[in-house]
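Thanks for coming. I will take a few minutes on the annotated site and the strands around it.

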Amino acid sequence: MVRVHVFVQGHVQGVGFRAFTARQAKSHQVNGWVRNVQDGRVELEAQGLRESVEKFLVDLEQGPALSNVREVSVEWIEPQDQESTFEVKY
């Protein structure tokens, strides 16, 4: 198990990015959360098997159709034991 803390920059708010992220997390069997940040970025943490998380990150670099992802900043952090879902935070 691995876990990442991620910030996504670009045109990523108001374009369904959080819902896209949740769908991709489910598709790749990744747990964690995603939320908008006041400065216009999207922040998330994701956890799962390394291969699944890496494929999930590739999807984030593409984003949904109306987004324009400029940068995905990834920090590898310690996994958490209690997490079993992917949550969209508001």
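I will start with the ground rules, then go through the site and the sheet pairing.

This is a predicted model, in which local features need pLDDT of at least 70, side-chain atom pairs count only at pLDDT 80 or more, and totals for chains, interfaces and linings use all residues. Residues are numbered from 1 along each chain as its sequence is written, and side-chain values use heavy atoms, with hydrogens and water left out.

The unreviewed UniProt entry lists R18 and N36 under "active site"; UniProt positions are in the numbering used here, feature names are shortened, and annotations may be inferred rather than shown by experiment. The two are spread over 19 residues of sequence, yet they cluster in space, with a largest C-alpha distance of 7.7 Å.

R18 sits in helix α1, residues 17–27. Helices (H or I, at least four residues) and strands (E, at least two) are DSSP runs numbered from the N terminus. Contact means heavy atoms within 4.5 Å. Beyond neighbours within four places in sequence, R18 contacts V34, R35, N36, V88, K89 and Y90.

N36 belongs to strand β2, residues 31–36.

Two strands pair if DSSP finds at least two bridges between them. β2 pairs with β3, residues 42–48, antiparallel over six bridges, and N36 stands opposite V42. On the other pairing, β2 and β5, residues 86–88, run parallel with three bridges, and V34 stands opposite V88.
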